[in-house]
Amino acid sequence: MSLVLRAAVAERDVELDLEVAPGETLALVGPNGAGKSTALSLIAGALRPSSGSVELDGRVLADARTWVPPHDRRVTTLSQDPVLFPHLTALGNVMFPLLARGAPRREARRRAHAHLAELGLSALAARRPSQLSGGQAQRVAIARALAAEPRLLLLDEPMAALDVDVAPALREQLRGFLAERTAIVVTHDLLDALALADRIAVLEGGRGVGIGPTAEVLTRPRSPFAARFAGLNLVAGRWDGAQVRLEDGSSLSALCEESPGTQVLAAFRPAAVHLVEEGGLRRTVRALAPRGDLVRAVTEDLAADLPPQEVARRHLVPGSAVRLAVAGEDVTAYEA
Amino acid sequence: MRTLPRWILLPAGLGALFVILPLIAMAARVEWSGFWGLLTSESSLAALRLSVQTSLTSAAACAVLGVPMALLLARSDARGMALMRSLVLIPLVLPPVVGGIALLYTVGRQGLLGRHLEVLGIHIAFSTTAVVIAQTFVALPFLVLSLEGALRTAGTRYEEAAASLGARPSRVLTRVTLPLVLPALMSGLVLSFARALGEFGATITFAGSLQGTTRTLPLEIYLQRESDPEAAVALSFVLMLVAIVVIALAHRRRSP
């Protein structure tokens, strides 16, 4: 393993157990206050674990006896704010980590130019940060982070502050750079996770509540947050061999390979949900909001993306009672 | 401006006059015919030279002592920092004469440290060194306050980024922290130089008034006021010009 984080921070009630393999990118997702920032702080050296340890490439960075200061960890953070040094040019910023590691000036200049070129920034080398656009500044920050040659790159919502028309190109570049590097990405953005992460770890309430390959976590979410992140509805029940029996007595047809009697989770897309007159899952509409060319009806625990005509015909308003149904082929049920 | 009542123009204007009028009144009294002669008299030149020398030395001492103090006050969250901050302010509110007496009892002949220094053959009171000590004592808070404020405003995110890029603390300090607050450091230095240049009370109490050794420009002006008022006015005019230049410098640095 490249990174092994097995540590607790008592005053924040956070207890984490994460591993990142060499060359792997792990996405950390979770609601606010889930412990994502705490995890980054523990790894970067902004926070001491109250127990446990942080190890990178076999070297203990922090435990009860050891404390490696941030500058000596070979861990570089890239946040949503590029934090370029305002008194240095773009080139000077990229040279900074090279000089800090003792490279001679001429060598640092040559390598910084190469990093800038790699990101298509050669023309901007002499610019000050104040003369760069948000997207350009973030690319300089990426070049600077790569120049630091970190053993582990921490990305803290790297795309969150960028315009929607800049983010896709940058995400694509970042995906190239992360391919063979070891990294952790904290994100609220499904697209970031899809493009960048090999695995996803879901944190909730300061604990890991599920970790797995990106496709696995996004198709078979194990927690309400993971389901929301993946854009899926999630219900729990018991597989009886033909249907998923929910606790309220209702049932759902589903695709399931578990043996009858297994406790399962069933996931389905809001767009697969339709309204029926009889049977189905009885819910009350809480809110309605436009979503593409559909209208999302949010109920107590489920979301349904319905054609606007259907919403109009049934006079759906917040408070309306509805019966939701999903075709069995659209529901995936798996062991809870 | 639109939200302000019109009548405040009156007291504000009076206040401005209150500051400017005395300067004009003094400038009007300068005898331009003998101006150069008065400035270049032996005692004036000696005072001028001594003042520039000691004030520059004090400003340098303020930088050496004050920059680390400002860094600690702005960045350390150790207990006692709030107390430290109040203590640093003391020379700012203490009457300079009292400061002079306090220094006398510290490094004077009978002082807390002075009597041990005396044994080693080091005499500080009533020497040029005493002038520098008195000036540094009163000027230090100007640099510390100006720099601490700038450091707090600058925040720690650039320093954290620099550390995350592998820079050791000394490198972060010299390549990131100090360059970022350079304008405030400069204006702090200019302000402390100006305060040192104008120092009177602590100097006369602690260092005395020996021509060429401890008699700085303000002391010379005070003495000349009785015997040669015209020389006093000429020297005052010079100090006023210096003050205007200092304000211009400090102000320009602060609002780039």
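In chain A, four strands build an open sheet in the order β2-β1-β4-β5, with antiparallel pairing. Strands here are DSSP runs of E with at least two residues, while helices are DSSP runs of H or I with at least four, and both are numbered from the N terminus. Two strands pair if DSSP finds at least two bridges between them. At the edges of this sheet stand β2 (14–20) and β5 (59–62) of chain A; each has a single partner strand, so one side of each is left without a neighbour in the sheet. On average, neighbouring strands of the sheet are turned by 25° against each other, direction ignored.

A word on what you are looking at: this is a predicted model, in which local features need pLDDT of at least 70 and side-chain atom pairs count only at pLDDT 80 or more, while totals for chains, interfaces and linings use all residues. Residues are numbered from 1 along each chain as its sequence is written, and chains are lettered from A and ligands numbered from 1 in the order in which they are written.

Back in the sheet, β1 (residues 3–9) and β4 (residues 51–56) of chain A run antiparallel and are joined by six bridges. Ala8(A) has Ser51(A) in β4(A) as its bridge partner. Helix α1 (residues 36–44) of chain A lies across β1, β2 and β4 of chain A, running at about 115° to β1(A). Axes are lines fitted to C-alpha atoms, for helices over the stretch in contact (C-beta atoms, placed from the backbone, within 7 Å). Angles run from 0 to 180 degrees between N-to-C directions.

Another open sheet of chain A has three strands in the order β18-β19-β20, again with antiparallel pairing. Its edge strands are β18 (287–291) and β20 (303–306) of chain A, each pairing on one side only. Four bridges join β19 (residues 294–298) of chain A to β20(A), and Val295(A) stands opposite Leu306(A) in β20(A).

Most residues other than glycine have a negative phi. The table shows two with a positive value.

| Residue | Phi | Loop in chain A |
|---|---|---|
| Glu149(A) | about 45° | between α4 (134–147) and β7 (152–156) |

How exposed are they? Glu149(A) is partly exposed, with 15 other C-beta atoms within 10 Å, and His315(A) is exposed, with 7. A residue counts as buried with 20 or more other C-beta atoms (placed from the backbone) within 10 Å of its own, exposed with 12 or fewer, and partly exposed in between.

Note on methods: Contact = placed C-beta atoms within 7 Å.
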